[in-house]
Amino acid sequence: QVQLVESGGGLVQAGGSLRLSCAASGTVFGLNTMQWHRQAPGKQRELVATILRGGSTNYADSVKGRFTISRDNTKNTVYLQMNSLKPEDTAIYYCYVLPNAVNDWRDYWGQGTQVTVSS
């Protein structure tokens, strides 16, 4: 059973920074593609960033140049560094593991961490 535990959310002023962490257990972390998603009140959950097992990354247009996803396979942890935060970045941020053979083709979500950006 894969478990994902996010941390690092909080309240920050516009223009500020936060770093989210997601610690994984119950899987061979280095073989997983990891993602960060977010869901703002009244909106659908959206993909924010992806990091492949080899380290390649992709970002939503709305966060390109401001957010950086990274991973430390020795710590089984994926990070999301968020800079130049805007009020529209306010959301619950979720860590996600894509289905793959390592996890019997099941996907997993973390419990989420709240990020609030004040104007």
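## The disulfide

A disulfide is here a pair of cysteine sulfur atoms within 2.5 Å. The count by this rule comes to one disulfide, formed by Cys22 and Cys95 with their sulfur atoms 2.1 Å apart. The torsion about the S-S bond of Cys22 and Cys95 is about -85°, so the disulfide is left-handed. Because Cys22 lies in strand β3 and Cys95 in strand β9 (residues 91-97), the pair ties together parts that are 73 residues apart in sequence. Strands, like helices, are DSSP runs numbered from the N terminus, with at least two residues (E) for a strand and at least four (H or I) for a helix.

Both Cys22 and Cys95 are buried; that word stands for a relative accessible area under 20%, while exposed stands for over 50% and partly exposed for what lies in between, with a 1.4 Å probe and protein chains only.

## Basis of the description

This is a predicted model, in which local features need pLDDT of at least 70 and side-chain atom pairs count only at pLDDT 80 or more, whereas totals for chains, interfaces and linings use all residues. Residues are numbered from 1 along each chain as its sequence is written, and side-chain values use heavy atoms, with hydrogens and water left out.

Strands of a sheet pair through backbone hydrogen bonds, either parallel or antiparallel. For the pairings in this report, two strands count as paired if DSSP finds at least two bridges between them.

Thr77 belongs to strand β8, which covers residues 77-82, and Thr77 counts as buried at 9% relative accessibility. Leaving out residues up to four places away in sequence, Thr77 touches several others, among them Ser21, Cys22, Ala23 and Phe29, where contact means heavy atoms within 4.5 Å. The side chain of Thr77 also reaches the backbone oxygen of Lys75 at 2.8 Å.

Strand β4 (residues 34-39) contains Gln35, which is buried with a relative accessible area of 10%. Apart from neighbours within four places in sequence, the contacts of Gln35 include Leu47, Thr50, Tyr94, Cys95 and Tyr96. A polar contact of 3.1 Å joins the side chains of Gln35 and Thr50; such a contact is a pair of N or O atoms within 3.5 Å, of which, within protein, one must be able to donate a hydrogen and the other to accept it, and residues adjacent in sequence count only if both atoms are side-chain atoms.

Strand β5 (residues 46-51) pairs with β4 in the antiparallel sense over five bridges, and Glu46 in β5 is the bridge partner of Arg38. The hairpin of β4 and β5 has six residues between the strands, and Gly42 takes a positive phi near 75° there. Strand β5 also pairs with strand β6 (residues 57-59), again antiparallel, over three bridges, with Ile51 opposite Thr57 in β6. In the hairpin of β5 and β6, with five residues between the strands, Gly55 has a positive phi near 105°.

## The aromatic cluster

Rings of Phe, Tyr and Trp (its six-membered ring) pair if their centres lie within 6.5 Å, and planes under 30 degrees apart count as stacked, over 60 as edge-to-face and the rest as tilted. By this rule there are two aromatic pairs. The rings of Tyr94 and Trp109 have centres 6.2 Å apart and planes at 90°, so this pair is edge-to-face. Since Tyr94 lies in strand β9 and Trp109 in strand β10 (residues 108-109), the pair ties together parts that are 15 residues apart in sequence.

Tyr94 is buried at a relative accessible area of 12%, whereas Trp109 is partly exposed at 37%. The rings of Tyr96 and Trp109 have centres 4.2 Å apart and planes at 35°, so that pair is tilted. Tyr96 counts as buried at 11% relative accessibility, and Tyr94, Tyr96 and Trp109 form one aromatic cluster.
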